[in-house]
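Work through the following exercises with the coordinates open in a viewer, and try each task before reading its solution.

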Amino acid sequence: MEQRTLGRQGLVVSSLGLGCMGMSDFYGPGDEAEALATLERALELGVTLLDTADMYGPFKNEELLGRFVKGRRDRVILATKFGNRRAADGTFLGVSGRPEYVREACDASLRRLGVDRIDLYYQHRVDPAVAIEETVGAMAELVKAGKVRYLGLSEAGPATVRRAHAVHPISALQTEYSLWTRDPEEGILQVVRELGIGFVAYSPLGRGFLTGRFKTPEDLPEGDWRRLNPRFQGQNFQRNLDLVTRVGELARSLRITPAQLALAWVLSRGPDVVPIPGTKRRATLEENVGAAAVVLSPDTLARLDEVMPRGVAAGTRYPLAGMKAVGI
């Protein structure tokens with residue numbers, strides 16, 4: 001698989017990564033055996049970047065990856081995150097960017113992952129009560145101590161990214177980016193490119209909607225958090241389904257799947273963009289990885305712009321409380 005460079009500090013990853021959240025949380029029940037088989041298949045296919053966070057599970061996803069990486073550490077780029085605090089029972093406890101919490105969270109993640117160093121450590125959400133300089137200063141200390149190799153931010157706004165990067169080089173910004181979430185094109189992509197920061201696109205398949213698998217909200221599993229997402233509800237669902245139907249028609253004309261078309265579009269955004277589609281099944285992983293071989297013509301890209309212009313998706317990408325935490 002093609003390799004891409006994130007930032008200017010030496011971080012090189014596969015052009016497609018793997019989001020591991022759904023293996024343990026949020027998207028219905030998991031299957032550990034299938035999850036481990038999916039992780040193994042990812043390595044076989046050349047996927048090296050595995051993305052997790054302490055809040056996924058909570059904690060269970062890091063523990064899963066910890067079991068998987070034993071004996072494979074030199075083949076994996078481990079990315080994890082701190083900042084979204086959850087209790088063991090899943091209760092959300094708020095966001096923290098306090099320096100002492102940064103250190104505590106990193107040590108806890110290292111224990112769960114069973115490693116002595118995290119490759120890419122993100123602040124999951126910016127804490128509005130703590131100056132970004134303080135948080136990144138603590139993260140920089142982790143690099144100096146050898147506990148972390150590279151630093152990242154998730155869902156940070158342009159001004160925050162600039163301030164953070166002035167304290168310590170940021171290698172990657174992770175933000176939602178897909179055919180139906182093109183917000184990064186309205187400023188943040190320009191800023192990270194100016195600063196030489198790589199861009200990691202999470203939910204590049206619109207949380208699965210862009211695959212065309214969901215025809216009604218009832219197709220979502222019980223307990224799936226997408227049932228609470230505005231884009232999967234009521235009239236928004238039908239309006240977005242109409243868009244996805246058009247994407248599907250274009251994909252069929254190209255003899256690829258809608259998922260492969262959507263991922264190929266994200267890959268086409270530039271050599272500094274790395275999508276991390278999530279899955280917990282080998283078959284879906286293999287389909288997604290097929291997108292790495294798809295080259296979209298200028299005509300196809302123009303047709304996608306017509307179908308999915310900026311701002312076309314119906315509904316916000318998170319409920320109100322979640323929207324307040326992005327782009328700070």
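Contact here means heavy atoms within 4.5 Å. The model is a predicted one, in which local features need pLDDT of at least 70 and side-chain atom pairs count only at pLDDT 80 or more, while totals for chains, interfaces and linings use all residues. Residues are numbered from 1 along each chain as its sequence is written, and side-chain values use heavy atoms, with hydrogens and water left out.

**Exercise 1. The nonpolar cores**

Task: find which residues have the most contacts inside the largest nonpolar core, and list what L18 is in contact with.

Solution. Begin with the term: a nonpolar core is a set of buried Ala, Val, Leu, Ile, Met, Phe, Trp, Tyr and Cys residues joined through side-chain atoms within 4.5 Å. Buried means under 20% relative accessible area, exposed means over 50%, and partly exposed is the range in between, with a 1.4 Å probe and protein chains only. Next, apply it: the largest core has 80 residues, and those with the most contacts inside it are L18, L153, V161, L173 and F199. Then take L18, which, leaving aside neighbours within four places in sequence, is in contact with M23, L39, A42, V47, L49, L50, D51, I276, P277, T279 and L285. As a general background, nonpolar side chains in soluble globular proteins tend to be buried together.

**Exercise 2. Aromatic pairs**

Task: decide whether the pair of W225 and Y318 is stacked or edge-to-face, and explain which parts of the chain this pair ties together.

Solution. Rings of Phe, Tyr and Trp (its six-membered ring) pair if their centres lie within 6.5 Å, and planes under 30 degrees apart count as stacked, over 60 as edge-to-face and the rest as tilted. The structure holds nine such pairs. For W225 and Y318 the ring centres are 6.1 Å apart and the planes stand at 25°, so this pair is stacked. To place the two residues, note that helices (H or I, at least four residues) and strands (E, at least two) are DSSP runs, numbered from the N terminus. W225 lies in the loop between β11 (198-202) and α7 (234-254), and Y318 in the loop between α10 (298-307) and α11 (320-323), so the pair ties together parts that are 93 residues apart in sequence. Both W225 and Y318 are buried.

**Exercise 3. A ring cluster and the charge beside it**

Task: describe the surroundings of F209 and state which ring the charged end of R231 sits over.

Solution. Start from the cluster, in which ring pairs link W180, F209, F214, F232 and F237. F209 is found in the loop between β11 and α7, and at 0% relative accessibility it counts as buried. Not counting residues up to four places away in sequence, F209 touches W180, F214, R231, F232, F237, N240, L241 and V244. The C-alpha atoms of F209 and W180, which are 29 residues apart along the chain, are separated by 9.6 Å. For the charge, the criterion is that NZ of Lys or CZ of Arg is within 6 Å of the ring centre and within 35 degrees of the ring normal. The charged end of R231 sits over the ring of W180, 5.0 Å from its centre, and that of R85 sits over the ring of Y101, 5.5 Å from its centre.

**Exercise 4. Backbone details**

Task: identify which residues a cis peptide bond joins, and examine the phi values of E155 and S203.

Solution. The cis peptide bond joins G57 and P58, with omega about -15°, and P58 is found in the loop between β4 (49-51) and α2 (60-69). E155 has a positive phi of about 55° although it is not a glycine; this residue is found in the loop between β9 (148-154) and α5 (158-167) and, at 2% relative accessibility, counts as buried. S203 likewise has a positive phi, near 50°, in a residue other than glycine, and its place is in the loop between β11 and α7. With a relative accessible area of 15%, S203 is buried.
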